[in-house]
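I opened this entry to note what I looked up, in the order I took it.

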Amino acid sequence: MSQDYRPPEKNAWLALRDIALIVPRIFRYLWEVAPALLSIQCVLMFVTAVIPAAIVWMTKVIIDAVVGAAGDEMAWTAVFIPVAVIFALWILQALCDAVSGFTNHIFSEKVWYSAYQRILDKAGALDVAFYETPRFYDQLHHANQQIHRMSAISYASMGLIQQSFSLMAMVSLLLVLHPLAIVVLIATALPRIFMEGHVARKRFDLNAELIRNDRLIDYMKRLLTDRDSVKEIRTFRLRDLFVSRFQRYRDIYITKLRRLLLHFLRLNMALNLLSLAGVASIWAYAVFQAVLARITVGDLALVFQAAQNSRASLAALISSGGQVYENALFATRFFDLMDLDPQSIEGALSPPGTQTPARLPRAIKRGIELRDVSFKYPASDARILERVSFTIPAGKKTAIVGENGAGKTTLVKLLCRLYDPSEGSVLLDGRDLRDYDLRDYRRSVSVVYQDFFRYDMSASDNVGLGQVEAIDERPRGAGGAAKGAPTPGNKAGPKGNRPVWATH
């Protein structure tokens, strides 16, 4: 069975229902992260929404004042006051844009770091079993990729509100000409709503289809640039192979994306022509009315600007709606990870067998016993261990010898309780490990793996990582290292009072 992560297929109505649920959840999250910045953004968007309509109206007032004064003495205040108002509106708009740019940047950073911290917290809380499945890595990659959607959906949603106010203000100016002008404008723009929804869904589907391909592109880039892999790549002349695979995966993505964008281009051109035809018909009717002296020259200028600006606002409104739809689709992947059930995968650790976890013994008296232990890794039918039973007496050194793949490292993982047995039990002083508090138990166990990890940190930090609660106690670390204090390369606890496992 494939372990690829694919978001569940949904029809349009189910997708809309999920979006109706996810958008409020996103705004609750954004409010938790930065309530003041979110409030400022909303206010700025409302103010900038009505400024264009106010400028168009002031322009009409100026033109009518100038035309009306032809042959008569000019009332200069009737011109200068609207001009001053327009300049003031321009200054206000520039100020709002500047403040908005600043708050946008800070807001995006706060949202990004908060979302990424939640991903790190979630990933750190999941059992090792999740890290054995490509499906989880795909899902984690999905969530990492879509973090920016969290702030993007807020901008798109607020943009939707802003464009709605702007459109209402601008469209109301067309009543100077005729109410049907509004109907024509909206009717010729409505088909774009369906295109935006179609485009958003196609992008989402393409991303879901190519998520494994995208992850392999990143993997090839890391292999070719990572310090740990560069020696083998040079020694075994693997560069050309990995570069060719990178190019193949990239070409798959570009080919599919180009096909999709060409499809969007044809739709966009057709719908632009339709909306332009609507504006052209409004302009033609306005010229006809001005020739018959049914509207003023200022009204004509107003209609020309209002019709074009309304078309742009309507297109922006529909585009914002499409962005909300698309961003909400992608943001579901972040929440899919946040909602991931820690018990949803085979091999995840079982919760404690008793209501209150048992206290870990201060000193091991009887030892550790494996009783009829069998084990297989998640998504695998092959048993690594089959009905294994033995006892490790307290205070004794025990060596388990066997061929590669015999299950020695797997045994150590069970003893560290990175996994629970598929069958049977591991007992500490006669009690199942599942009954003990997991954090307390792991704090009392040390292990040195054959493929132990080297941390790119200072020597002091590497010493302190063996007992992280004392990492900042430098005198203790310096003195303890010589006495066998726990480090990544020397995990034995002080005075040898913890079980120590080593794998080779």
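**Second largest cavity**

I listed the lining of the second largest cavity: Leu414, Arg417, Tyr419, Asp420, Pro421, Val426, Asp432, Leu433 and Arg434. A cavity here is a set of points on a 1 Å grid over the protein atoms alone where a 1.4 Å probe fits but cannot get out, and lining residues have an atom within 4 Å of a point. The model is predicted, so I note that local features need pLDDT of at least 70, side-chain atom pairs count only at pLDDT 80 or more, and totals for chains, interfaces and linings use all residues. Residues are numbered from 1 along each chain as its sequence is written, and side-chain values use heavy atoms, with hydrogens and water left out.

I looked up the volume of this second largest cavity and found about 40 Å³. A volume is the space filled by probe spheres set on the points, which are joined across faces, edges and corners. The structure holds 2 cavities of 30 Å³ or more. By class, the lining of the second largest cavity has 5 nonpolar, 4 charged and no polar residues. For the classes, Ala, Val, Leu, Ile, Met, Phe, Trp, Tyr, Cys and Pro are nonpolar, Asp, Glu, Lys and Arg are charged, and the others, Gly among them, are polar.

**The sheet**

Next I traced an open sheet of 4 strands, in the order β2-β1-β3-β4 with antiparallel pairing. Its edge strands are β2 (383-393) and β4 (431-432), each of which pairs on one side only. Strands (E, at least two residues) and helices (H or I, at least four) are DSSP runs numbered from the N terminus, and two strands pair if DSSP finds at least two bridges between them.

I counted 7 bridges between β1 (residues 367-376) and β2. Among the partners, Lys376 faces Arg383 of β2, and Val373 has Val388. In the hairpin of these strands, with 6 residues between them, Ala379 has a positive phi near 65°.

On to β3 (residues 423-428), which β1 meets through 5 bridges, again antiparallel. Which residue of β3 stands opposite Leu370? I found Val426 there, while the partner of Leu370 in β2 is Phe390. Val426 also belongs to the cavity lining above. Ser374 stands opposite Glu423.

β3 and β4 pair over 2 bridges, and Leu428 stands opposite Arg431. Their hairpin has 2 residues between the strands, and Asp429 in it takes a positive phi near 50°.

**A helix pair**

Last, I checked helix α7 (residues 191-209) against helix α10 (residues 239-291): their axes come within 11 Å and cross at roughly 175°. The axes are lines fitted to C-alpha atoms over the stretch in contact, with angles from 0 to 180 degrees between N-to-C directions. α7 and α10 are therefore roughly antiparallel, a term for angles over 145 degrees. The contact (heavy atoms within 4.5 Å) includes Met195 and Leu206 of α7 and Leu260 and Phe264 of α10. Its residues divide into 11 nonpolar, 4 polar and 5 charged.

Notes
On a 1 Å grid over the protein atoms alone, a cavity is a set of points where a 1.4 Å probe fits but cannot get out, and a pocket is an open set with protein on both sides within 12 Å along at least five of seven lines; lining residues have an atom within 4 Å of a point. Angles under 35 degrees count as roughly parallel, over 145 as roughly antiparallel, 65 to 115 as roughly perpendicular and the rest as oblique.
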